[in-house]
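Please keep the sequence and the model in view while working through them.

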Amino acid sequence: MQDSVLTLLYIHFYARISFWKTIFVLFFPFTLPHYECDECHMLRNTYFRRSSIGFSCLFCLYEYSSFFVSHQPFFPFNFLFWSFRFSFFLFFHGFDDLILVEHKLSARILILNRPKQLNALSFQMVSRLLELFYDYESNSDVKLVVMKGNGRAFCAGGDVAAVVRYANGDNWKLGAKFFEIEYQMNYLMATYSKPQISILNGIVMGGGAGASIHGRFRVATENTVFAMPETALGLFPDVGASYFLSRLPGFFGEYVGLTGARLDGAELLACGLATHFVHSSKLTSLEEALCKVESSDTAAVSAIIDKYSEQPLLRENSAYHRLDIINKCFSRRTIEEILSSLEREAMNTADDWISATIQSLKKASPTSLKIFLRLIREGKVQGVGQCLVTEYRIVCHVLRGDFSKDFFEGCRAILLDKDRNPKWEPSKLELVTDRDVDIYFSKVDEEWWNDLRLPKRFNNLPAWAISKL
């Protein structure tokens, strides 16, 4: 964790370029040989592929300083050179543009700013958010944090297409690094000592849920569309979903996670994923009021949001009206039993919702379904930290692809080639045994690998954060 934070501080420092550094680089336009750690390799391959400019973090330069000293006669001069070039590059392609920060009195407003990609979370974004949340927690001038998205989405998830590009084959640990930082961010948000208010005015999927649902207040609107569609991608609902979905009424969490069903703002409020519902026309006024609170007291913050809130009506065909059927079917012990129960209901009741639910399950990765059912059942009796540790083990096995490469196939079919016809392997539920699922919950057999290291938390956390530990 210390290494990650120091790396972020290094990037944060060089992103703030001075005029003289820019002038210097313009007059000395050449690039040094460079060497990289895994994080830098991932960043460069994913976000700087079109540039010939190489860069590394402080640890790479430290690790390879002997090379520069022995092979470069003017090492100190070259070191400065490299630093200035990196700063010049960030001047035009800075990390800060992806997360916009507004300082308003004692509030900090964080805006996810990749609207063309529906604010999908990149490695830079989760790293920057982790850095900001650490900084604000220790800053007594900051009383609360508001998060929202630029455009028609809050956040459509993690940038899994980028993860696939740099995680395929032997480079799977680069993908694991992305999930490690993201899960650490999720844990920090879940146990944060100050109110986080997430404005869910648009699409909220996958990693976007992890960046919002863990916070103290989640404000849905008439534009909200929520989903955890990972089983259709050959992945599984992660980012702490085994914690927050397992706490939903009855077995609604199993239904949402296994089928990837879409929920609107009213359904989000009804099931508890949202704490408030505010019409989008009132969001500007709500934000202005929150910035004037000048307090981290959750009761005071809640009272402000309550003034702008309303109680929406559920749609007539809402899945939440079918909670009795959901509890009856999704309480079964196995995926096969869940499907059989739904099929019996379909024979007795002419309901398009049941048929659609059956089709969603049959289209999903059999391996993903079995992984998540076990995961959410275990998550019911675990704290958020243990849920994230288990999810990290699973995602590392998924990236390794030892048993199944469904994640890569799902991304190919849904996100890359877009033929929407993934070829799952194993292709049937009966081919995925309990012993196969056990593999995903075990530690990864690699010398360098460690379980997820959770950020250290202090003792004086608020009661609602302590309850998640």
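This is a predicted model: local features need pLDDT of at least 70, side-chain atom pairs count only at pLDDT 80 or more; totals for chains, interfaces and linings use all residues.

1. Helix α12 and the residue after it. Gly 260 follows α12 and has a positive phi, near 70°. The helix itself covers residues 252–259, and eight of its eight residues are buried, so it is largely enclosed by the rest of the structure. Those buried residues are Phe 252, Gly 253, Glu 254, Tyr 255, Val 256, Gly 257, Leu 258 and Thr 259.

2. The chain as a whole. How many helices and strands does the secondary structure of the chain contain? It comes to 23 helices and ten strands. Of the 469 residues in the chain, 57% are buried. When contacts between residues at least 6 apart in sequence are considered, 74% of them join residues at least 24 apart.

3. The six-stranded sheet. An open sheet is formed by six strands in the order β1-β2-β3-β5-β7-β10, and its pairing is mixed. The edges are taken by β1 (99–104) and β10 (276–277); each has a single partner strand, so one side of each is left without a neighbour in the sheet. As background, strands of a sheet pair through backbone hydrogen bonds, either parallel or antiparallel.

4. Pairing of β2 with β3. Six bridges link strand β2 (residues 107–112) with strand β3 (residues 144–149), and the pair is parallel. Helix α7 (residues 123–137) lies across β1, β2, β3 and β5 (196–200). Relative to β2, α7 runs at about 175°.

5. Strand β7 and its partners. β5 and β7 run parallel and are joined by four bridges; here Ile 197 has Phe 217 of β7 as its bridge partner. β7 and β10 also run parallel, joined by two bridges, and Val 219 stands opposite His 276 in β10.

6. Side chains of β7. Which residues of strand β7 (residues 217–220) point one way, and which the other way? Phe 217 and Val 219 point one way, Arg 218 and Ala 220 point the other way, and all are buried. In a regular strand the side chains alternate between the two faces of the sheet.

7. Helices α8 and α21. Helix α8 (residues 160–167) packs with helix α21 (residues 406–416) at an angle of about 130°, the axes being 10 Å apart. The two helices are therefore oblique to each other. Their crossing is left-handed. From α8, the residues Val 160, Ala 161, Val 163, Val 164 and Ala 167 meet Phe 407, Phe 408, Cys 411, Leu 415 and Leu 416 of α21. By class, this contact consists of ten nonpolar, no polar and no charged residues.

8. The surroundings of α21. The buried residues in α21 are Asp 406, Phe 407, Phe 408, Glu 409, Gly 410, Cys 411 and Ala 413. They pack against α8, α19 (366–379) and α20. Just after α21, Lys 418 has a positive phi of about 60°.

9. Thr 390 in helix α20. Thr 390 belongs to helix α20 (residues 384–400). Is Thr 390 buried or exposed? Its relative accessible area is 7%; buried means under 20%, so Thr 390 is buried. Leaving aside residues up to four places away in sequence, Thr 390 touches Leu 375, Gln 382 and Phe 441. Thr 390 and Ser 242 are 148 residues apart along the chain, with their C-alpha atoms separated by 9.3 Å.

10. Helices α16 and α18. The axes of helix α16 (residues 323–330) and helix α18 (residues 352–363) come within 12 Å and cross at roughly 35°. The crossing of α16 past α18 is right-handed. On the α16 side the contact is made by Ile 325, Ile 326 and Phe 330, and on the α18 side by Trp 353, Ile 354, Thr 357 and Leu 361. The residues of this contact comprise six nonpolar, one polar and no charged.

Conventions: Residues are numbered from 1 along each chain as its sequence is written. Side-chain values use heavy atoms; hydrogens and water are left out. Axes are lines fitted to C-alpha atoms, for helices over the stretch in contact, and angles run from 0 to 180 degrees between N-to-C directions. A crossing is left-handed if the near helix is turned anticlockwise from the far one by less than a right angle, and right-handed if clockwise. Contact means heavy atoms within 4.5 Å. Ala, Val, Leu, Ile, Met, Phe, Trp, Tyr, Cys and Pro count as nonpolar, Asp, Glu, Lys and Arg as charged, and the others, Gly among them, as polar. Angles under 35 degrees count as roughly parallel, over 145 as roughly antiparallel, 65 to 115 as roughly perpendicular and the rest as oblique. Two strands pair if DSSP finds at least two bridges between them. Buried means under 20% relative accessible area, exposed over 50%, partly exposed in between (1.4 Å probe, protein chains only).
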